[in-house]
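This report sets out the architecture of one protein and then turns to selected residues. The sequence and structure are shown first.

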Amino acid sequence: QVQLVESGGGLVQPGGSLRLSCAASGRIFSINTMGWYRQAPGKERELVASITSAGITNYVDSVKGRFTISRDNAKNTVFLQMNSLKPEDTAVYYCNFRGLLRGYRPFESWGQGTQVTVSS
């Protein structure tokens, strides 16, 4: 009932930047937490960054100081600005939203995933 559409992945050289976006649509009453996860080949999916409705952010240690998560509540959109990218950041990135639907039922939705490749 909530659809997430991601954009912004691609191929970038080490040290470069990318900006990911994820927009939600559907019968949304509120979105509490917006987050970005990633999964590299042969590895488990990990939380990269999250942001609450109050603007409280959380980052995995490996991206602190390089990645910034932000949100536009009016547009139900979350962004991930990724700077100083490293080859180890290569993965499929997924957005994740948790909140309430109209009628106050909880929901959790995932984006389709976008490939980020950092390589020279």
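**Basis of the description**

This is a predicted model, in which local features need pLDDT of at least 70 and side-chain atom pairs count only at pLDDT 80 or more, while totals for chains, interfaces and linings use all residues. Residues are numbered from 1 along each chain as its sequence is written, and side-chain values use heavy atoms, with hydrogens and water left out.

**Overall fold**

The protein contains 11 strands and 0 helices; helices (H or I, at least four residues) and strands (E, at least two) are DSSP runs, numbered from the N terminus. Because the radius of gyration is 14 Å, close to the 14 Å that the globule rule gives for 120 residues, the protein is as compact as a globular protein of that length. That radius is taken over C-alpha atoms, and the rule is 2.2 Å times the number of residues to the power 0.38. Taken along the principal axes, the C-alpha atoms fill a box of roughly 50 × 25 × 25 Å.

Of the 120 residues, 42% are buried. Here buried means under 20% relative accessible area, exposed means over 50%, and partly exposed lies in between (1.4 Å probe, protein chains only). The protein exposes about 6400 Å², of which carbon and sulfur atoms supply 48%; accessible areas come from the Shrake-Rupley method with a 1.4 Å probe, and for residues only the protein chains shown count as cover. Among contacts with a separation of 6 or more, 55% involve residues 24 or more positions apart, a contact being heavy atoms within 4.5 Å.

**A four-stranded sheet**

Four strands form an open sheet in the order β1-β3-β8-β7, with antiparallel pairing. Two strands pair if DSSP finds at least two bridges between them. The edges are β1 (2–7) and β7, each of which pairs on one side only. Neighbouring strands of this sheet are turned by 15 degrees against each other on average, direction ignored; the axes are lines fitted to C-alpha atoms, for helices over the stretch in contact, and angles run from 0 to 180 degrees between N-to-C directions.

Strands β7 and β8 are joined by 6 bridges in the antiparallel sense. They form a hairpin with 4 residues between them, and Asn 76 in the turn has a positive phi of about 50 degrees. Within this pairing, Ile 69 has Leu 80 in β8 as its bridge partner, and Arg 71 stands opposite Val 78 in β8. Strand β7 (residues 67–72) has a covered face made of Phe 67, Ile 69 and Arg 71, whereas Thr 68, Ser 70 and Asp 72 form the uncovered one.

Phe 79 belongs to strand β8 (residues 77–82) and is buried, with a relative accessible area of 16%. Leaving aside neighbours within four places in sequence, its contacts include Thr 68, Ile 69, Ser 70 and Asp 72, together with Arg 19, Leu 20, Ser 21 and Trp 36.

**The disulfide**

A search of the whole structure finds 1 disulfide, defined as a pair of cysteine sulfur atoms within 2.5 Å. It joins Cys 22 to Cys 95, with an S to S distance of 2.0 Å. Cys 22 lies in strand β3 (residues 18–26) and Cys 95 in strand β9 (residues 91–101), so the pair ties together parts that are 73 residues apart in sequence. The torsion about the S-S bond of Cys 22 and Cys 95 is about 55 degrees, and the disulfide is therefore right-handed.

Ser 50 is located in strand β5 (residues 46–52). Not counting residues up to four places away in sequence, Ser 50 touches Thr 33, Met 34, Gly 35, Ile 56, Thr 57, Asn 58 and Ile 69.

Ser 84 lies in the loop between β8 and β9 and has a positive phi of about 50 degrees although it is not a glycine. Tyr 104, in the loop between β9 and β10 (106–110), likewise is not a glycine and has a positive phi of about 70 degrees.

The table lists the accessibility of selected residues.

| Residue | Relative accessible area | Class |
|---|---|---|
| Cys 22 | 1% | buried |
| Cys 95 | 0% | buried |
| Ser 50 | 13% | buried |
| Ser 84 | 41% | partly exposed |
| Tyr 104 | 56% | exposed |
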